[in-house]
Structure formats: C-alpha cells, structure tokens
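This report concerns a single protein model. The sequence and structure are shown first.

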Amino acid sequence: MFRAVGMDVHRDFCEVAIAERGRIAHSGRVLTTPAALELFAASLAPSDRVALEATGNAAEIARIVGAHVADVVIVSPHDTAVGRARAKTDRLDARTLARLLAAGELDAVWVPDEQTRAMRRRLSQRSQLVRSRTRAKNELHAVLIRRLKGRPPVSDVFGARGRAWLAALELPDDERDTVSACLRHVDFLDAEVAVVDRAIAAQALGSPDTLRLMTVPGVSVITASTFIAAIGDIRRFPSARQLVGYLGLDPKVRQSGSTPARHGRITKQGSAAVRHVLVEAAWVAIRQPGPLRAFYERVRARRGAQVAAVATARKMASLFWCLLTRQQDYAFGQPSLTAKKVRALQLAAGAPSRKGQIRAGHGARTTAIRHAEHALALQAEQAYRRTISDWNAAAPTKAGASVTPGRASQRPSKGKAARQTTSP
C-alpha cells in the first residue's frame, strides 16, 4: 500500500490531493519555491508516489520532491484527459491525478538528463534567435518592395557588397531609418547566434552519437543535435518503426469493420523541430549521389516531390536508428565531406585556424579524393536502383484488392503472393 499524491502544477503554486485507502483528500496549496517544496516533500512518507503533469517547471519540482518519496511520475497532459473534463478546477485536476495514479492508469514520460536538457535549451534559444533574425531581414526586404527597388544585384544583401548597394539607394528618411535599424538588429542577432553555435559545437564534439550522424550526407550539427536532444537514449526504441512513430513521421491509419485500412497524412506527433530539420536535411541529401537520392526519386515518380521529401526524412530517421543502435558510421558516406563538417564544427567551438599551415599540393589531393568518393557514392546509388529493379521484376504483377485507382502497387502482400504461387 502506498499513498498517491497528485500535484496540479502552476507557476506560483501547486494544488495537492492525496489518495489513501480508496479516499481522496484535498491537501491545500504549496508554493513553487525551493524552500516550500522541500518542506512539503519532507512531510511525505518514503513510500509515497507523486504524479504531476509535464510543464516548464515540472522537472525541477520532480527533482526536489523525488529525493523524499518512492517515485515521481511525470505524465503528458494528453494522457490524463484532464483538459477534456466537463468540470475543470485546480482541485479537481489534482484529485484526478491522484486517483489515476492510485489505479495505476498513468504512463510516465521519459525525463531527459541535465546534459540533454541543456542541449534542448540551447537549440530552442538558437531557434528563437534565427526566427527573430528572419523577421528583421524580411522587414528590410519589405522596404525594397514598397519603394520598387527590384531584386538586389548581389546574392546576399546583408554582405559587404549588399550593404554598399543599400547605402547608395535613395530612400525617404523613415525608410532609411527602418533599413538601418534592421541592419543593426541583424548584426546583433548574428553575434548572439554565433555565441549559441559555439556552445552547441563544443557539446557536439563530445558526443560520439552526434558525430556519427554527421557522416550521413545533408546532416549538419544542428540536425544531429536536434535529433539526439529529442530522443535521448536510442535504447528506448526497440525498433525503427517505434522511433518513426515517436517522431510523428508515420502515416495515419483508419479502419473499421470489413473495410480495408486507409492510410493518410503523417500523424505529426512528437517534436515538430525534429521533423523540420529531418525534412530540411532530406532536401540537402537528395542533391548528392547515394541511396537516399535514389529512394527519393523512386517515391517522387509515384507521389510527387513533397511526399517524397517527407518519405526521405522518414527513411533518414530509420537510418539514424540503425547507426546509433549498431554504433556504426554511415557506410555510403563521403569521409572527406565528413571531415570538412567536423573541422567546421571545431572552428565554431573555438579551435585555432590552420591557414598558412597547409602544404603545397594538399588541395589537389583533397579534390582527387572527393572525386573518388563521389564516384563510389554513384556506384552505391546505381546498386540501390538495380536492387529495386530486380525486386520489382521478381514480384508478381497482380495488384491487391485494396489499392486505389491510379496507385496500384506491383507487389501484393506476402500472403497474397504465397496464395498465388501455391494455387493450381
């Protein structure tokens, strides 16, 4: 027997309810200060269990209370049905948590360690800075559109040549003030992003998993770090399919009665940031030779470019699972490009530059190595295409009964294939 303690967490206080011997009692409010939480936790028994919903301060509250009780369960608000209740108050929410915990109906979410939380905070901070910088750049471009200045004659209007072109434009005083403010804002945000990038690079250099994922073409340190920070320990996922479902890259399935199952768009559950960086990495990866590009082109021929890009992102998530669980680098990666990414990561972390220390002829040798690796990647891509072609040729051509018009698959399920080969 144990007491189940439900805590409805807010910014300034926590509403507490305790379930014991089939009865639930309200225990008042506890301030969300370290001293008040320590005093409250000391009043609990070592055999008590505590449940609270995942909020911004839930991890710190769990750390303080967890030292005094048997277990602290942090649950997702979507799993408690508290938000869908007809009557919703702080007291009722705390009682609901206590009742569900006593009945064993709560599934705890995974709580990352401090290093993973630190990486998440840095990535979130970088995302906010980049978003603010984009708004400032868009505001400057809006000035150019309003004044009918056309497209800038340079690729980067915020570079040295672009700024010289902006300074030579004839603009009203208010528009000139807006352009100057945007440039100052962009300069400030560039410096802030560089500080965050340096911290991210220093932490990524100490993570073998991050460096391993960077061996995949198109995967940068931001993509690898965002993926690692979101999933934490890869051993939490027994299969690649469970990882894909956790990231929300698997399609929705609808089936009822005797009708066949229908698949729709991806579920978009889990981290939206991971899906975003995976799709962006997929667009980069398909520009380089290799099996990923062949896979993208195969799906694009049937479903279009956008669906193929998301399918490639899903394929990359499965690939990441294989690399991390097997502790192996990407077999079809290009070592010279990986070394270039790692060197850029070291420079971002503050490593000294090697300018002037490179021997004569080093550039020619590097170029020859990259050409050779590019040829090997092309061979891997062609091998993948031949494998798929042979697979399609060997499979029966009769389509299944549940396919939609115009989307008929040339490969029926294994059960149908077996019935076709064994039937007289």
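Predicted model: local features only at pLDDT ≥ 70, side-chain atom pairs only at ≥ 80, totals over all residues.

Strand 2 (residues 13–20) pairs on one side with strand 1 (residues 4–9), to which it is joined by six bridges in an antiparallel arrangement. Within this pairing, Gly 6 stands opposite Ala 17.

Two residues separate strands 2 and 3 in a second hairpin, and Arg 21 in the turn has a positive phi of about 55°. Strand 2 is mostly covered, as seven of its eight residues are buried.

## The cavity

The structure contains one cavity of 30 Å³ or more. The largest cavity holds about 60 Å³ of space. Its lining includes Pro 217, Ala 285, Gln 288, Tyr 330 and Phe 332. Helix 12 (residues 291–303) gives the most to this lining, with three residues. By class, the lining comprises seven nonpolar, two polar and one charged residues.

## Thr 215

Thr 215 is located in the loop between helix 8 (208–213) and helix 9 (221–231). Thr 215 counts as buried because its relative accessibility is 9%, under the 20% cut-off.

A polar atom of the Thr 215 side chain lies 3.1 Å from the backbone nitrogen of Tyr 330; Tyr 330 is also one of the residues lining the largest cavity. Beyond its neighbours within four places in sequence, Thr 215 is in contact with Asp 329, Tyr 330, Gly 333 and Thr 338.

Methods. Residues numbered from 1 in each chain as written. Heavy atoms only, no water. 1 Å grid on protein atoms, 1.4 Å probe; cavity = no way out; pocket = protein on both sides within 12 Å on 5 of 7 lines; lining within 4 Å. Points joined across faces, edges and corners; volume = space filled by probe spheres on them. Helix = DSSP H or I, 4+ residues; strand = E, 2+ residues; numbered from the N terminus. Nonpolar A, V, L, I, M, F, W, Y, C, P; charged D, E, K, R; others polar. Buried < 20%, exposed > 50% of the residue type's maximum accessible area, 1.4 Å probe, protein only. Polar contact = N/O pair within 3.5 Å; in protein donor to acceptor, adjacent residues only side chain to side chain. Contact = heavy atoms within 4.5 Å. Pairing = 2+ DSSP bridges.
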